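Subject: Structure handover

Hello,

Here is the structure I promised to pass on. Please open it first, then read my notes below.

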Amino acid sequence: MREWLSSLISAVLSVAQAFWITLKQWLQTYRPSRGTFTRAYEFPERPAIILPRFRGFHRYDLTSCIACGRCARDCPVSCIYIEKERVAGRKGFRVKSFIIDYSKCMFCGFCTENCPTDCIFMGQTYDLSCLSRDGCVVDFAKLPLEIAWGYGRLNPSAVALSKYVLLPVHEGPQQ
């Protein structure tokens, strides 16, 4: 009985301590000298500092992808969709579309770890603001190669223009 009572008191004290820390942090948000987040970091004018291991929007190399589908199989939320077709006279497949739905993606990086050709990476881009959910669905096979590979910035206008491209921009590794 004494052991049960001591563990109960310990649990109540730890919960009270957690509530006290939360209350203290919450009250600090109303301190006038603190300022706003945008005033402290100046987000639109000065971009955020990106650390080397940051997992942003993907970079995808269509020129080396063999369309094996391991990234789509390994994705825990099933946000990667690959369409491929067999090309006559050539070995392997041609990627028709490589779509990532960023409204589902949780940026875990599992898709990049098991790729046999290392054609998909986590990039440094962190802002893909759009007004509709259709802008969160990116077909990397229809993007220009500079943007898909990360040399250009993945932006909403490039994603919107890629919706009008009918064929992939590159034939694949066995061109």
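Start with E83. Leaving aside residues up to four places away in sequence, E83 touches R94, V95, K96 and S97. E83 belongs to strand β2, and S97 in β3 stands opposite. E83 and K96 are 13 residues apart along the chain, yet their C-alpha atoms are separated by 5.2 Å. Is E83 buried, exposed or partly exposed? With a relative accessible area of 43%, E83 is partly exposed, because that class lies between under 20% for buried and over 50% for exposed.

One caution before the rest: this is a predicted model.

Strand β2 covers residues 80-86 and strand β3 covers residues 93-101. The two run antiparallel, and seven bridges join them. One of the pairs is R86 with F93, its bridge partner in β3. The β2 and β3 hairpin has six residues between the strands. There, G89 takes a positive phi near 80°.

β3 also pairs with strand β5, which spans residues 137-139. That pairing is antiparallel too, over three bridges. In it, I100 stands opposite V138 of β5.

**The chain as a whole**

How many helices and strands does the chain have? There are six helices and five strands. Read from the N terminus, the order is α-α-β-α-β-β-α-β-β-α-α.

On overall dimensions, the radius of gyration is 23 Å. A compact globule of 175 residues would come out near 16 Å. Along the principal axes, the C-alpha atoms fill a box of roughly 80 × 50 × 30 Å.

What share of the residues counts as buried? The figure is 28% of the 175 residues. The chain exposes about 12200 Å². Carbon and sulfur atoms supply 60% of that area.

Charges: the chain carries 22 positive and 15 negative side chains. The centres of the two sets lie 5 Å apart.

**Two backbone angles to check**

Most residues other than glycine have a negative phi. Two residues here go the other way.

- S78 is not a glycine, but its phi is positive, near 55°. S78 sits in the loop between α3 (70-74) and β2. At 42% relative accessibility, S78 counts as partly exposed.
- F107 is not a glycine either, and its phi is also positive, near 55°. F107 is found in the loop between β3 and α4 (110-113). Its relative accessibility is 24%, so F107 counts as partly exposed.

**Two more positions**

G69 lies in the loop between β1 (58-60) and α3. Why does G69 count as buried? Its relative accessibility is 14%, and the cut-off for buried is under 20%. G69 and I80 are eleven residues apart in sequence. From C-alpha to C-alpha, G69 and I80 are 9.1 Å apart in space.

S14 has its place in helix α1, residues 2-28. S14 is partly exposed, because its relative accessibility is 40%. S14 and Q28 are 14 residues apart along the chain. Their C-alpha atoms are separated by 21 Å.

**Where to look**

For a quick pass in the viewer, I would take these in order:

1. The β2 and β3 pairing, with its seven bridges.
2. The β3 and β5 pairing, with its three bridges.
3. S78, in the loop between α3 and β2.
4. F107, in the loop between β3 and α4.
5. G69, in the loop between β1 and α3.
6. S14, in helix α1.

Best wishes

Definitions and conventions
Residues numbered from 1 in each chain as written. Predicted model: local features only at pLDDT ≥ 70, side-chain atom pairs only at ≥ 80, totals over all residues. Heavy atoms only, no water. Helix = DSSP H or I, 4+ residues; strand = E, 2+ residues; numbered from the N terminus. Rg over C-alpha atoms; globule rule 2.2 N^0.38 Å. Buried < 20%, exposed > 50% of the residue type's maximum accessible area, 1.4 Å probe, protein only. Areas by Shrake-Rupley, 256 points an atom, 1.4 Å probe, with all protein chains shown as cover. Lys, Arg positive; Asp, Glu negative; His and termini not counted. Charge placed at Lys NZ, Arg CZ, Asp CG, Glu CD. Pairing = 2+ DSSP bridges. Contact = heavy atoms within 4.5 Å.
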